[in-house]
Amino acid sequence: LARSEQVDGVCSVVTAPAPGISPSAAERAKEIGERIAAELGVTGVLAVEMFVVKSAEGERLFVNELAMRPHNTGHWTIDGAVTSQFEQHLRAVLDLPLGSTAIKAQGSTSVMVNLLGSAYADPALALPRALAGHPEAKIHLYGKEVRPRRKLGHVTVVDEDPLRARSEAETVVALLRGDR
């Protein structure tokens with residue numbers, strides 16, 4: 001399970017595992033996702049976006065969106081999970097055994113920050129500086145034409161300290177955007 005944060009309706013940050021969710025709510029979310037996939041007869045990856053609403057009565061889960069494909073919120077799995085969502089999707093549709101979805105480094109947190117727009121004509125111009133100062137960051141640029149708020153790539157940092165992972169990923173994205 002991962003937590004997604006949005007800015008103006010666009011996914012900006014994903015943290016996995018999702019912080020602040022009780023084990024019982026996490027188990028219930030897993031059950032809901034598995035039931036939806038089974039009922040729909042899904043082959044491949046199905047992203048099930050849910051909201052957790054906390055109240056005096058406890059945590060309630062609401063399904064918001066289904067995406068029957070690899071999804072932006074799962075891009076962190078490229079660097080943070082034993083088997084990425086892309087590999088898992090291929091395994092499923094090719095009827096191969098599924099891979100482990102475990103986090104690569106137990107006790108760590110993966111934080112993925114999307115690069116939404118850039119002051120550079122090509123954000124790759126900032127790669128040398130970003131890589132030199134942040135060797136733990138995994139930078140994925142998509143080679144798309146730069147437009148305001150367009151998703152041009154993402155940066156993932158895996159660390160035992162979730163705050164440090166987030167800070168590093170946000171710093172690298174700021175460099176790629178031309179903010180620093």
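Is K54 buried or exposed in this structure? With a relative accessible area of 54%, K54 is exposed; here buried means under 20% relative accessible area, exposed over 50%, and partly exposed in between, using a 1.4 Å probe and protein chains only. The structure is a predicted model, in which local features need pLDDT of at least 70 and side-chain atom pairs count only at pLDDT 80 or more, while totals for chains, interfaces and linings use all residues. Residues are numbered from 1 along each chain as its sequence is written, and side-chain values use heavy atoms, with hydrogens and water left out.

We can start with the overall fold. The chain contains five helices and seven strands, taken as DSSP runs numbered from the N terminus (H or I of at least four residues for helices, E of at least two for strands). Read from the N terminus, the order of elements is β-β-α-β-β-α-α-β-α-β-β-α. The radius of gyration is 17 Å, close to the 16 Å of the globule rule for 180 residues, so the chain is as compact as a globular protein of that length. This radius is taken over C-alpha atoms, and the rule is 2.2 Å times the number of residues to the power 0.38. The C-alpha trace spans about 45 × 45 × 30 Å along its principal axes. Of the 180 residues, 38% count as buried. Among contacts (heavy atoms within 4.5 Å) with a separation of 6 or more, 56% come from residues 24 or more positions apart.

Two residues lie between the strands of the hairpin, where D8 takes a positive phi near 55 degrees.

The interior comes next. In soluble globular proteins, nonpolar side chains tend to be buried together. The largest nonpolar core holds 17 residues, and those with the most contacts inside it are V113, A130, I139, V155, V157, V172 and L176. Such a core is a set of buried Ala, Val, Leu, Ile, Met, Phe, Trp, Tyr and Cys residues joined through side-chain atoms within 4.5 Å. At least two residues of this core come from each of β5 (109-116), β7 (151-159) and α5 (162-177), and α5 gives the most, with six residues. Leaving aside residues up to four places away in sequence, V157 touches T109, S110, V111, E136, A137, A165, E168 and A169. A second, separate core of seven residues includes C11, W76, A81 and M112.

Helix α3 (residues 85-93) also has an inward side, its buried residues being Q85, Q88, H89 and A92. Viewed down the axis of α3, these residues fall within an arc of 100 degrees, so they line one face of the helix; the arc is that of the directions from the helix axis to the C-beta atoms. Their cover includes α2 (77-80). After α3 comes D95, with a positive phi near 55 degrees.

The model has nine salt bridges, each a side-chain nitrogen of Lys or Arg within 4 Å of a carboxyl oxygen of Asp or Glu. One of them joins R166 to E5, with the closest N and O atoms 2.6 Å apart. This pair links distant parts of the chain, since R166 lies in helix α5 and E5 in strand β1, 161 residues apart. R166 is partly exposed at 22% relative accessibility, and E5 is partly exposed with a relative accessible area of 22%. A network of salt bridges links R3, E5, R166 and E170.

Another bridge is local: R28 and E31 meet at 3.7 Å, N to O, and both lie in helix α1 (residues 23-40), three residues apart, about one turn of the helix. R28 is partly exposed at 45%, as is E31 at 38%. The exposed K54 forms a salt bridge with E59, the closest N and O atoms being 3.8 Å apart; E59 is partly exposed, at 28%.

Finally, G178 lies in the segment after α5 and is partly exposed, with a relative accessible area of 33%. G178 and A119 are 59 residues apart in sequence and 5.3 Å apart in space, C-alpha to C-alpha. Not counting residues up to four places away in sequence, G178 touches A119 and Y120.

Terms used
Pairing = 2+ DSSP bridges.
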